[in-house]
Amino acid sequence: MTTAFDLMDTNRDQSIDAGEHATGLALAWRLADRDGDGALSLTEFREDFLIVTALRRGVGSATGR
Ligand SMILES: [Ca+2]
Ligand SMILES: [Ca+2]
């Protein structure tokens, strides 16, 4: 299972440095802002929250939490 951690850990050293974290956040923003208007509508925000929650649950199941 690919987790949010795996997606952000681009050099596969099993840690997320500041650059990887910033890149991951920028990608998350681009994915959340579906219409590309530079802002999150309430609908986009809610959909993003659901995606983030699903990813976190994936991380939790992968680590046994
Ligand atoms: Ca890394
Ligand atoms: Ca938007």
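Where is Arg 12 found? Arg 12 sits in the loop between helix H1 (4–8) and H2.

## Basis of the model

This is a predicted model: local features need pLDDT of at least 70, side-chain atom pairs count only at pLDDT 80 or more, and totals for chains, interfaces and linings use all residues. Residues are numbered from 1 along each chain as its sequence is written, while chains are lettered from A and ligands numbered from 1 in the order in which they are written.

The pLDDT is the predictor's confidence in each residue, from 0 to 100. The chain averages 84. At least 70 is reached by 86% of the residues. Confidence is highest in H2, at a mean of 91. Helix H3 (residues 42–63) has the lowest, at 74.

## Fold and burial

The chain has 3 helices and 0 strands. Its elements run α-α-α from the N terminus on. Helices (H or I, at least four residues) and strands (E, at least two) are DSSP runs, numbered from the N terminus.

Burial is counted on C-beta atoms placed from the backbone. A residue is buried if 20 or more other C-beta atoms lie within 10 Å of its own, exposed if 12 or fewer, and partly exposed in between. Of the 65 residues of the chain, 0% count as buried.

## Helix H2

H2 covers residues 18–32, which is 15 residues. From first C-alpha to last it reaches 21 Å, close to the 21 Å expected at 1.5 Å a residue. The expected span is 1.5 Å times one less than the number of residues. H2 is hardly covered, with 0 buried residues among its 15.

Thr 23 lies in H2. Thr 23 counts as partly exposed because it has 15 C-beta neighbours inside 10 Å. Its C-alpha is 9.6 Å from that of Thr 10, 13 residues apart in sequence. Leu 27 also lies in H2. Leu 27 has 12 other C-beta atoms within 10 Å, so it is exposed.

Which phi does Arg 12 have? Its phi is positive, about 55°, although Arg 12 is not a glycine. Most residues other than glycine have a negative phi. Arg 12 is exposed because 7 other C-beta atoms lie within 10 Å.

Gln 14 is placed in the loop between H1 and H2. Its phi is near 65°, a positive value in a residue other than glycine. Gln 14 has 8 C-beta neighbours inside 10 Å, so it counts as exposed.

Leu 55 is in helix H3. Leu 55 is partly exposed because 16 other C-beta atoms lie within 10 Å. Neighbours within four places in sequence aside, Leu 55 is in contact with Thr 3 and Ala 4. Contact means that the C-beta atoms of two residues, placed from the backbone, lie within 7 Å. The C-alpha atoms of Leu 55 and Phe 5 are separated by 9.1 Å, although the two are 50 residues apart along the chain.
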